[in-house]
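Here are a few friendly notes to read alongside the model. Please keep the structure open as you go through the points.

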Amino acid sequence: MTRILVIEDERNLALGLRANLEVEGYEVAVAESGEAALVEAGARAPDLIILDLMLPGIDGYEVLSALRARGMDTPVLILSARAEEIDRVRGFRVGADDYVTKPFGVMELLLRVQALLRRMNPAAYAPRSLWKIGDVEVDATRRVVRRDGAEISLTPRAFELLLALLASSDKPLTRHDLLRTVWGYDRSVTTRTVDAHIAELRRKLEHNASEPRHILTVHKVGYRLRP
Ligand code: CA
């Protein structure tokens, strides 16, 4: 799990940030002072740091300088009410990787966080688009499914269903999960529709649809995909 350290002394802002980042699946720790931040950063080895500049005691610049002096190359996103050019330059000079000025929108911050993580480790954070299920290849970006180079044609819903199963990576999904994800809130669709599309996927992707090895039924739960 990607760990993020939020260094921010305004408690409401810190808690709001933590809640939003946790929803995105990050593990979040909060430090409310520069001193606490240095201890936390050493103890937890975060993957990314969100750093407010104006802190009581040791300020953000000093925190960042101290982290860099320790040899920590963790990406740092500076958060500050100061918009002046001089601060921006000073922030980058002491080793910040990006800068967001308060007030900011949560969406913007989340996008910056994602971009920063991806920049540091492109392989780990790139949106996944190529999958293999047995000898079947799925290219999500181009919406193509192939076996031995030959294209397999799927209906758009079956393709969406396949993507939903792939995205849940081995975790079982209930028929209702799949209905919500693939069909939205269309009331004319029932869980039997899910079963019908699962049958289509098995017919086209499995060697033997009656003995599926990849698109599995989880008794009393729903379905899961074994790649
Ligand atoms: Ca502050």
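Predicted model: local features only at pLDDT ≥ 70, side-chain atom pairs only at ≥ 80, totals over all residues.

1. The residues of H8 that are buried include Leu178, Leu179, Val182 and Trp183. They lie on the same side of H8, because the arc they cover around the axis is only 105°. As a reminder, an α-helix has 3.6 residues a turn, so residues three or four places apart point the same way.

2. Now turn to the other side of H8, where His176 and Thr181 are exposed. Just after H8 comes Gly184, with a positive phi of about 70°.

3. Next, follow the chain to Thr190, in the loop that lies between helix H8 (175-183) and helix H9 (191-205). Is Thr190 buried, partly exposed or exposed? Its relative accessibility is 41%, so Thr190 counts as partly exposed. Between Thr190 and Arg175 there are 9.0 Å from C-alpha to C-alpha, with the two 15 residues apart in sequence.

4. For aromatic rings, the count comes to one pair. Phe92 and Tyr99 form this aromatic pair, which is tilted, with 6.2 Å centre to centre and 50° between the planes. Phe92 is partly exposed at a relative accessible area of 39%, whereas Tyr99 is buried at 3%; the cut-off for buried is under 20%.

5. Finally, have a look at Arg90: its charged end sits over the ring of Tyr61, at 3.7 Å from the ring's centre.

Conventions: Residues numbered from 1 in each chain as written. Heavy atoms only, no water. Helix = DSSP H or I, 4+ residues; strand = E, 2+ residues; numbered from the N terminus. Buried < 20%, exposed > 50% of the residue type's maximum accessible area, 1.4 Å probe, protein only. Arc of directions from axis to C-beta. Phe/Tyr/Trp six-rings, centres within 6.5 Å; stacked < 30°, edge-to-face > 60°. Lys NZ or Arg CZ within 6 Å of the ring centre and 35° of its normal.
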